[in-house]
Amino acid sequence: MKTKQELLELLNSLSLEDKIGQLQQVSPVTIEATGLETGVPTQNNGEIKKNFTSVLNLFGAEKLMKIQDEYLKNNEHKIPMLFMADIIHGYRTIMPIPLAQGCSFNPALVEKCNSNVAAEASADGMHVTFAPMVDLARDPRWGRILESTGEDTYLNTLFSAAMVRGFQGEDLSKDGTIAATVKHFAAYGGAEGGRDYNTVDISERSLRQDYLPSYKAGVDAGVALIMTSFNVIGGVPSTGNKKLLRDILRDEWGFNGTIITDWGSANTMISHSVAANQKEAARLSIEAGVDIEMCTPCYDRHLKELIDEGTVDIKLVDESVMRVLELKNKLGLFDNPYRFANPEKAKQIIGCDEFLADAKELACQSSVLLKNEDNILPLSEKSGKIAFIGPYTCEKRLNGAWSVLDKNENSPTLEQTLKKRFGDKAFKFAEGSKLLGVEQYYQAEFLKYDMCEDTREAKMKEAVKLAKKVDTVVMCIGEHYFESGEARGKAHITLPDVQIELFNRIYAVNKNIVVVLFNGRPVEIKNIADKAKAVLDVWFGGTMATEAIADMLFGITAPSGRLSASFPLCVGQIPVYYNYLPTDHPVENSFEFGSRHIDIPSEPCYPFGYGLSYTTFEYSDFTLSSDTLTKDGSITATVKVKNTGNRDSFETVQLYIRDRFASVSRPVKELKGFKKVWIKAGEEVSVDITLTPDDLRIYDINMDYVTEPGDFYVFVGKDSTVKEYKVFKYLG
Ligand code: BGC
């Protein structure tokens, strides 16, 4: 490792061009198009500049080592380049999508899984991941809700910190770690109408109270990089937003890591119409404190000119370069430019048994049992003859968006997994339909190739015929895996029409239906859920998805997820999140004049925190350790939870508070603690959750972050609809 002094000397030995190179990341296309002739195209068309700091989304230890070699040959100062990538929910062993991970309510397991991810990625030569994405998401129309851990600020802060710790470990110079990037700073999830990249216009209070805490939690956990977001907030693009990047992130929170733009988000300040050209975009970015520009060449083409003419102070460039050198130093790249790239080791650990077992465990803990009438699940002898019907019985692509191995070629389909376990003859299978029918018109060409009309009727008929002959039908249906992710905003969040038709035709001949639901967002599912006996939401579960599903369906393990985002009844109900502010016309008090829609109930289809088990739990003896709390004190809520069913299982005990009266209106409920506990059949356990005055802090009328004296309600229960509460007074 270099000392601070050595880094300074290195900085001082660089020419201005060298320095600017340290602030420029290039796209993989640049490298792949030119072989190892790496670089950003300059304004002198055709000339390839070999001076840049990093490339993104190239993979493979051997390949990256070669690129590093070639790059260093051209680098006078022998400053290694950084390999960054979107390693979002797994490297080669893919975990469930982050929205599902949120449902695990198990940050410790997610931390462990992300340390596995880091081990695979670092052995394969990666240095930096563009994860975690910690954007609060309250709108399931937004396709990137898939990448978030959901609608709750508190839950998101825990996962943000856990993911950062998982990737980075204790010390970035150690084997098995990669640097993490908390993104997209800030409030990218607040896009109006759920249209990706759209305007965000939220109050300062909501920004501070709801959106910023998850980024801050990542910073407090020591994250190495922050990525700016594409959006404007209150008209100011994040990438040129001094208040966000300098005042809040650097000065208030003390972040001294590296700030990188999102792909081209310096350049897109031109589209936002705040920069007239790339030169202005470069100036706005460097003034706001952006260190590395991803993929567009505003810095590369214009920083020198801005400095030469005195518009930008060289000090800003020096500070940014120093932060990049510090990142490379922390990662140990000056000692070994290949870092931990090791093709042999990569082969050994990628997909090793331990990582696969963790991925399967997380898939089970992330799956949410939404309905289970007559205890139709788990399947057993009593289920009689079983048929598996639907496009997801024979689908391999169960990773969902933002997985490194998108095609998921190595994962078995559910049919393959079940045949391997139970033999070829145990169950019958029918695809029933493709994922999308031709009537599903999308403004997206890439979604059309899967539509298949020629065989549609024949497939449906075959499935219906099969359904008539069996006692139980397991329908594996859901969103097309390309319907969620970046740029996948949707106005309708129902399942594709062809699958709804398939469901209804099967239901007409067999009422014993278990739905296994595949989805990247909360979907509109009421019409199906009302008819099906059970609905098990498995999201996109990754490499071990079908193994986990088989375990859960047959009761080898039980799903134990709780929803990290509410399922709306229909699109018109959006946004529908549990921690809303009370209104002056509360729906429960004034029927005619309540704040509600007159044509639908006010409650979501499934609320935040909701999820069933294969057993039942009873809560009793809820007490608070005191009815007052002082400034330096704490208060403990205790509840007894009894497993009243006949199988051991997890229960997620959730604690919510309500600040009854404050200088500003406060949500009707806010999650402030939970415990996921394993309770044996028939056993009763006592669960404690402790609150301190810190948990009660709010941005008051003056935007000061304080705990105001007064009454607080404490609710402890199974999900966010819990009604019973106790009161304590915070005395200050
Ligand atoms: C996404 C980022 C991602 C980047 C690099 C952008 O389009 O918004 O989340 O990290 O691309 O692939």
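Which backbone oxygen lies 2.9 Å from a polar atom of the side chain of T153? I looked this up first, and the backbone oxygen belongs to D210. I count a polar contact as a pair of N or O atoms within 3.5 Å; within protein, one must be able to donate a hydrogen and the other to accept it, and residues adjacent in sequence count only if both atoms are side-chain atoms.

Ground rules for my notes: this is a predicted model, where local features need pLDDT of at least 70 and side-chain atom pairs count only at pLDDT 80 or more, while totals for chains, interfaces and linings use all residues. Residues are numbered from 1 along each chain as its sequence is written, and side-chain values use heavy atoms, with hydrogens and water left out.

**T153.** I placed T153 in helix α7, residues 153-168; helices are DSSP runs of H or I with at least four residues, strands are E runs of at least two, and both are numbered from the N terminus. T153 counts as buried because its relative accessibility is 12%. Buried means under 20% relative accessible area, exposed over 50%, and partly exposed in between, with a 1.4 Å probe and protein chains only.

**Ligand.** I found 14 residues around the ligand, with D86, R144, K183, H184 and D262 the closest; near here means a heavy atom within 4 Å. By class I noted seven nonpolar, two polar and five charged residues in the shell (Ala, Val, Leu, Ile, Met, Phe, Trp, Tyr, Cys and Pro are nonpolar, Asp, Glu, Lys and Arg charged, the others, Gly among them, polar). For D86, a polar side-chain atom sits 2.4 Å from a ligand oxygen. R144 has a side-chain N or O atom 2.7 Å from a ligand oxygen, and for E486 I read 2.9 Å from a polar side-chain atom to a ligand oxygen. On its own the ligand has 310 Å² of accessible area, and the protein covers 94% of that (Shrake-Rupley method, 1.4 Å probe; for residues, only the protein chains shown count as cover).

**Strand β5.** I then checked residues 82-85: L82 and M84 point one way, F83 and A85 the other, and all are buried. Strand β4 (residues 54-56) runs parallel to β5, joined by three bridges; pairing takes at least two DSSP bridges. S54 has L82 as its bridge partner.

**T93.** I located T93 in the loop between β5 and α5. T93 is buried because its relative accessibility is 2%. Its C-alpha is 5.4 Å from that of G351, 258 residues apart along the chain.
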